[in-house]
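This report describes how parts of one protein chain are arranged. Please look at the sequence and the structure before reading on.

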Amino acid sequence: MSASNGRKPPLTAERRYGGSGGNGGNGGGRGDGGKPKARATAKPASRRAARARKPREPRQPRGPLGFVAALVSGLLRFVMRVVWGIGWRMALALTLVVGLGVAYYAAQLPPVTDLVDGRARGSVTMLDRDGATFAWRGDQFGGMITADTISPHLRNAVVATEDRRFWWHPGIDPQGIASAVRINLSEGRGPLSGNGGSTITQQTAKLLCLGKPFDASVWKNESEYEADCRRTTLWRKVQEAVYAMAMEARYSKDEILTIYLNRAYLGAGTRGFEAASQRYFGKPAAQVNPAEAAMLAGLLKAPTTYAPTNNLSRSQGRASVIVGLMQDQGYLSAAEAEAARANPATLSATAQQDQGGYFADWVMDTGPEFFTRDTTEDVVIRTTLDPRIQTAAEKALLQVFEERVSPGSEAQAAIVVMSADGAVRAMVGGRNVKASGAFNRATQALRQTGSSFKPFIYAAALDLGMQPYDLVDDSPLTMNIPGSGAWSPENYDRKYDGMVTLTEALAESRNIPAVKVSEQVGRENVRTVASMFGIDSDLAAGPALALGVSESTLLEMTGAYAGILNGGSSVTPYGLLELKLKGDDTPLMGTGGGIGERVISQDAAEKLTWMMSRVVAEGTGSRAQIDGWEVAGKTGTTQGARDAWFVGFAGDYVAGVWMGYDDNRPLSGVTGGGLPATIWRETMVRVLEGQPVKPLPMRVPEPSQAPEAIAGSENVSPSGGQASDPETDRILREMLGQPEPAQQQQAQPAQQQPDRERVILDVLNSILGAATN
């Protein structure tokens, strides 16, 4: 408010202290009525000025501690100035380096679709004879999935388990890293050991091996490559962090999660959540429920350990923890979480079976390497496996060992079941019926065959015209073996029965008759018949050939017996029916085995089948009898009971069983007619259950036919231990004629014609044998 005369009113300070120039510079002017006024002291301009005018107190002398404190304080101030001066420059340089690294990696990153399938090798999916999947080999990839096409429960489970702050961090999570280091140190590990605190983005960077592809010239195999990619060092962590930030700059969160979902290894040979969902639950990843999603996400911590095919209860326990994380983070309500715990995920029917591992390994070994073991493509193989028969074989073996074998026994067994054409329907390579990649005793173990080899001796004899009721002398025999001296084989029971028929000799597994018949028909003929039937192993050259001293595999022996069942033609055991690339309709290859050339006549095969039926009906294989079915087979026990066999057939199937120790120790109280025959019976009872009864293709000989004496009690075999020539035998038999019908033989003087033929054959064989020496 201005004065009435237009002048400004006096300032408060002027009223309080008096103006210095308000009266025309009159320093002593009167302020009020001209009365003299005391001179006021001017206000200090500032506190600093006041302090400057304040007299300084004299400095007190410092003591020793004060001097030290001042020195330390000065040094700290100097160090802080140096650190700050260097630190901000280093931080700036580091930021520039990291920024350049991020920019470099980001520029190198390809489209997402190029990163979802990073396998260096392909997969093999195996189907049984009905077209159902039963086994997988190689790295399974179910096809590309994306973060927005999978089940929301699965997406939430992965994020809740692996990286709860995934949606808003820039690729690295300092809080997560600090927490992981704290946990590791508290548990006595190194800061980088155990929990890594890696984000999903960092884990994806590791899965991509920082963009470094597999190079066969650098790494021996893919496993070594992956091990190098998983190395955990400080420098590696720095690289992963830079690469992760580059991915965050290049891709969206959904794209990063898509790469992770497709490349993660989830056990049982599965790569990616689509393959794992199909493998364990038989459904696509888009259809999994919360319990199944939790189980799949739980595999990320330790795929092999928590794989439900290895230990379902352990996998379910891990899934329960994941359900709790999903509930805590708001992905599941309390009711949904409780329902998931109350109804844990279970394996699909196919995954539960988990059968045919030995069979699948065998198919992989026998198929073309570039489409099986080393395939870079996804291959589908349709096989001969019959899951019903496979289950029968597995259950039979386990039951017999549980009920009849001591719990601590280390004895092993193997089973092969096939059709008469060589199509393998079941294979068990050891007591661990669920094994995969293990030693397969059905295909890899070469063992002496023992008396299970004898049918090939009688096959050769019958094919050369001998008859089931022909006689052979079961009496002590001594043979002079060049270079070895005298050889005197014995029967298993060390008893001798004198003159017995060929049928009786086979049924009772007599050794002496087998040697005499082998020498009579010629060892080379026996070797030829066995080899043509599929015994590819080296066969013994001496007379001990007849006693089964040669080695073979169970698969070979079972295939050879299949040749007898089918009427005398060889077979090549096979398991592969059709091979094609996944997604293609045109097969690249078909069956690699089956029936081959004829080995013995059908007449001989049918008579031999009848002789082998006597082994089961009244001989050493009686434990293999099955009510209502015709069964034929042969037992086998090697020297010292190191191997025990039973191979036989019923209906449309032939099955072989071997039992023994891997280290070739003798079995205790086990013969081929014991536990192996029991395992065979338990297998075939299950195989034939519900099947229409089918008689065996056998021809019953007429017992009225005059028997021929094959060999007497001579100390040297009629052929002098030398093998006769098959072509010469055929010519001689054509010259001498085939045996006449029984009616005509009865009209002749008893034994006259057969005795004459035998004498002529013996003389000619002796002459031919001497000529070859």
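The model is predicted.

One of the residues involved is Val379, whose bridge partner in strand 15 is Leu581.

**A buried loop residue**

Asp139 sits in the loop between strand 2 (133-138) and strand 3 (140-141). Is Asp139 buried or exposed? Its relative accessibility is 4%, and the cut-off for buried is under 20%, so Asp139 counts as buried. Leaving out residues up to four places away in sequence, Asp139 touches Arg119, Arg121, Gly122, Ser123, Glu222, Gly269, Arg271 and Asp378.

**The sheet with strands 7 and 18 at its edges**

Another open sheet of five strands has the order 7-6-20-19-18, with antiparallel pairing. Here strand 7 (424-428) and strand 18 (632-637) are at the edges with a single partner strand each, so one side of each is left without a neighbour in the sheet. On average, neighbouring strands of this sheet are turned by 5° against each other, direction ignored. Strand 18 and strand 19 (residues 643-650) run antiparallel, joined by six bridges. Gly636 has Trp645 as its bridge partner in strand 19. Helix 23 (residues 602-618) packs on this sheet and touches strand 18 and strand 19. Helix 24 (residues 675-688) lies across strand 6 (412-419), strand 19 and strand 20 (653-660).

| Helix | Strand | Angle |
|---|---|---|
| Helix 23 (residues 602-618) | Strand 18 | about 65° |
| Helix 24 (residues 675-688) | Strand 20 | about 145° |

**Helices against helices**

Two packed helices are described by the angle between their axes and the distance between the axes. For helix 6 (residues 200-207) and helix 9 (residues 253-263), the angle is about 55° and the axes are 9 Å apart. That angle makes helix 6 oblique to helix 9. Their crossing is left-handed. Helix 6 makes the contact through Ile200, Thr201, Gln203, Thr204 and Leu207, and helix 9 through Ile256, Leu257, Ile259, Tyr260 and Arg263.

Helix 11 (residues 290-298) is mostly covered, with nine of its nine residues buried. Among the elements covering these residues are helix 4 (152-162), helix 10 (273-281), helix 12 (303-306), helix 13 (312-328) and helix 14 (334-342).

**Nonpolar cores**

The largest nonpolar core has 80 residues, and Met427, Phe456, Tyr458 and Phe649 touch the most other members. Which helix gives the most to this core? Helix 22 (residues 554-565) does, with eight residues. A separate core of 59 residues includes Leu109, Ile259, Ala291 and Ala319. Ile259 also belongs to the contact between helix 6 and helix 9, and Ala291 is one of the buried residues of helix 11.

Terms used
Residues numbered from 1 in each chain as written. Predicted model: local features only at pLDDT ≥ 70, side-chain atom pairs only at ≥ 80, totals over all residues. Heavy atoms only, no water. Helix = DSSP H or I, 4+ residues; strand = E, 2+ residues; numbered from the N terminus. Buried < 20%, exposed > 50% of the residue type's maximum accessible area, 1.4 Å probe, protein only. Contact = heavy atoms within 4.5 Å. Core = buried A, V, L, I, M, F, W, Y, C linked by side-chain atoms within 4.5 Å. Pairing = 2+ DSSP bridges. Axes fitted to C-alpha atoms, helices over the stretch in contact; angles between N-to-C directions. Parallel < 35°, antiparallel > 145°, perpendicular 65-115°, else oblique. Left-handed = near helix turned anticlockwise from the far one by under 90°.
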